[in-house]
Amino acid sequence: MLDAAGDIASATLKGLSAVPATNGGDGSGLWGTVDHPVRVFLADQAAHLSVAPAALYAFWQLTGLVGLVGGFFGNAGARIAWLLFGIGSLSRIWSAAPAGGRPAATGLAALMWALASMFALRGLTLRPVVHNHPPQYQFNPALHLHATIPAPAPAGDDLGPDSTARLPPEPAA
């Protein structure tokens with residue numbers, strides 16, 4: 001299974017490497033304000049790697065899509081991936097956005113991510129789950145003491161070395 005998973009991951013990464021470069025646009029519009037800094041950041045980082053910027057961008061999109069869809073269906077790992085994807089995206093946008101519009105671009109991205117998180121984190125609650133089911137067993141709170149009480153010794157038995165003090169005096173003959 002590990003070999004098959006490795007082959008699938010390798011084929012996926014090779015497919016992402018073959019993704020043709022797309023026009024990143026000029027960063028205008030709402031989506032461009034969020035998307036363009038991510039493309040710029042990934043292009044800067046790809047210069048130091050042996051992978052095309054388009055492949056990094058496609059992998060970034062694939063990670064977001066898997067986190068969003070998997071989180072919608074309640075997968076805990078996908079929800080963690082979604083949270084890390086959003087935090088990473090916000091940090092990329094902050095670092096690559098123009099200095100004058102950095103807070104606005106990051107804030108807009110945070111709002112978009114928060115809206116998408118309503119779907120990815122659907123059903124997630126911070127309240128503890130309380131199960132109020134009746135018990136499956138019968139509990140009887142009764143106290144049972146098991147103690148044995150010794151029977152009194154019959155009169156005339158040897159009661160030990162002190163027994164003469166407790167015996168009645170013998171009649172004189």
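Which helix holds both R39 and D35, and how many residues apart are they? Select helix α2 (residues 29-46) to find out: R39 and D35 both lie there, 4 residues apart, about one turn of the helix. Helices here are DSSP runs of H or I with at least four residues, numbered from the N terminus.

Before moving on, note that this is a predicted model, where local features need pLDDT of at least 70, side-chain atom pairs count only at pLDDT 80 or more, and totals for chains, interfaces and linings use all residues. Residues are numbered from 1 along each chain as its sequence is written, and side-chain values use heavy atoms, with hydrogens and water left out.

Now show the side chains of R39 and D35. They form a salt bridge, with the closest N and O atoms 2.9 Å apart. The structure holds 1 salt bridge (a side-chain nitrogen of Lys or Arg within 4 Å of a carboxyl oxygen of Asp or Glu).

Next, select α3 (53-72) and α5 (102-120). Their axes, lines fitted to C-alpha atoms over the stretch in contact, are 7 Å apart and meet at an angle of about 40 degrees. That makes α3 oblique to α5, since angles under 35 degrees count as roughly parallel, over 145 as roughly antiparallel, 65 to 115 as roughly perpendicular and the rest as oblique.

Zoom in on the contact (heavy atoms within 4.5 Å): G67, L68, G71 and F72 of α3 meet A116, F119 and A120 of α5.

Finally, colour L65, V69, F72, F73, L115, M118 and F119, a nonpolar patch on the surface. Patch residues have over 30% relative accessible area and no salt bridge, with nonpolar side chains joined within 5 Å and like charges within 9 Å. Together the seven named here have about 750 Å² of accessible area (Shrake-Rupley method, 1.4 Å probe).

Terms used:
Helix = DSSP H or I, 4+ residues; strand = E, 2+ residues; numbered from the N terminus. Axes fitted to C-alpha atoms, helices over the stretch in contact; angles between N-to-C directions.
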